[in-house]
Amino acid sequence: MINTNLKFWRRELALTQAQIAEKLGIKRSLVGAYEEGRAEPRMATLVNMARLFGISLDQLVTTDFSKRKNAKAAATMRQLEPAPAGGDDDDPEPPAGGQLRILALTVDKDQNENIELVPHKAAAGYLNGYADPEYLGELPRFRLPMLPATGSYRAFEISGDSMLPLVSGTVVVGRYVEEMANLKDGTPCVVVSPRDGIVFKRVFRKARPAGALALHSDNPRYQPYDLPGGEALEIWEAKCYISSHFPAAELSLERLASVVADLQQQVAELRNA
């Protein structure tokens, strides 16, 4: 009941999830979790919701306002700033501009956001389930306390050798990119799109057509290519990675010359012995 009422009154007030989160003093991601029934608001949050909507706490918990055709929030709306044009920000389809959709996620019993792990074998299913809380709830989940509390994170198992020295099987943990304008050129990201699925590339936006992305591999064997504007379903800025593979030490030219000199000296010593 609470989830349907929250969504009903938010839309009656023409507020986005981010705007209502600001008014309630909670994270935007929690508003999405409450609306989808994946988490229950605390009592203090319920009280603030009732005050914001101009209804009683009992009505918020027991009355299904979505079935009341004449329910309006005109009195409350006069006290609130109108939402910016562009409609609801919780639609799964990404807009054509630089702003991506509101993210579906899962939370633990303490309402802390989880990091969902998308294994390589689940990559195909993720394209259909990335906006489905039930699908996300079936993925492995974990937390990394060292990551900043601001932002939402997800982990992806990469495949192939396009981003060496990170080898196939490495798990890349990325932070969700809400605004493309905040993404610097050359940033390593996990990009989700219907055409390419899940790829790990460096993302460039400058000198591209409006909304388009240039995706570059660190491995020079792979040519960069463009992803047309609006095709990116999700973009995750890489923040760390987890791997069981320890990269071999690279020998510089100077170090290699030193090793050769040592070998030559040892050979000379053996000849003189």
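In the predicted model, helix H2 and helix H3 (residues 28-35) pack with their axes 8 Å apart and at an angle of about 105°, where axes are lines fitted to C-alpha atoms, for helices over the stretch in contact, and angles run from 0 to 180 degrees between N-to-C directions. H2 is therefore roughly perpendicular to H3, a term that covers angles of 65 to 115 degrees, while those under 35 count as roughly parallel, those over 145 as roughly antiparallel and the rest as oblique. Gln17, Ala18, Ile20 and Ala21 of H2 make the contact with Arg28, Val31, Gly32 and Glu35 of H3, contact meaning heavy atoms within 4.5 Å. By class, these residues divide into four nonpolar, two polar and two charged (Ala, Val, Leu, Ile, Met, Phe, Trp, Tyr, Cys and Pro count as nonpolar, Asp, Glu, Lys and Arg as charged, and the others, Gly among them, as polar).

Helix H2 (residues 17-24) also meets helix H4 (residues 43-53), the two axes coming within 10 Å and crossing at roughly 110°, which makes H2 roughly perpendicular to H4. Ile20, Lys23 and Leu24 of H2 and Asn48, Met49, Leu52 and Phe53 of H4 form this contact, in which five nonpolar residues are joined by one polar and one charged residue.

The protein has nine helices and nine strands, defined as DSSP runs (H or I, at least four residues, for helices; E, at least two, for strands) numbered from the N terminus. Seven aromatic pairs are present in the structure, a pair being rings of Phe, Tyr and Trp (its six-membered ring) with centres within 6.5 Å, and planes under 30 degrees apart counting as stacked, over 60 as edge-to-face and the rest as tilted. The ring centres of Phe156 and Trp236 are 5.9 Å apart with the planes at 55°, so the pair is tilted. Because Phe156 lies in strand S3 (residues 153-157) and Trp236 in strand S9 (residues 234-242), the pair ties together parts that are 80 residues apart in sequence. Phe156 and Trp236 are both buried (under 20% relative accessible area, with exposed meaning over 50% and partly exposed in between, for a 1.4 Å probe and protein chains only), and one aromatic cluster is formed by Tyr126, Tyr130, Tyr135, Phe156, Tyr176 and Trp236.

Residues are numbered from 1 along each chain as its sequence is written, and side-chain values use heavy atoms, with hydrogens and water left out. Local features need pLDDT of at least 70 and side-chain atom pairs count only at pLDDT 80 or more, whereas totals for chains, interfaces and linings use all residues.
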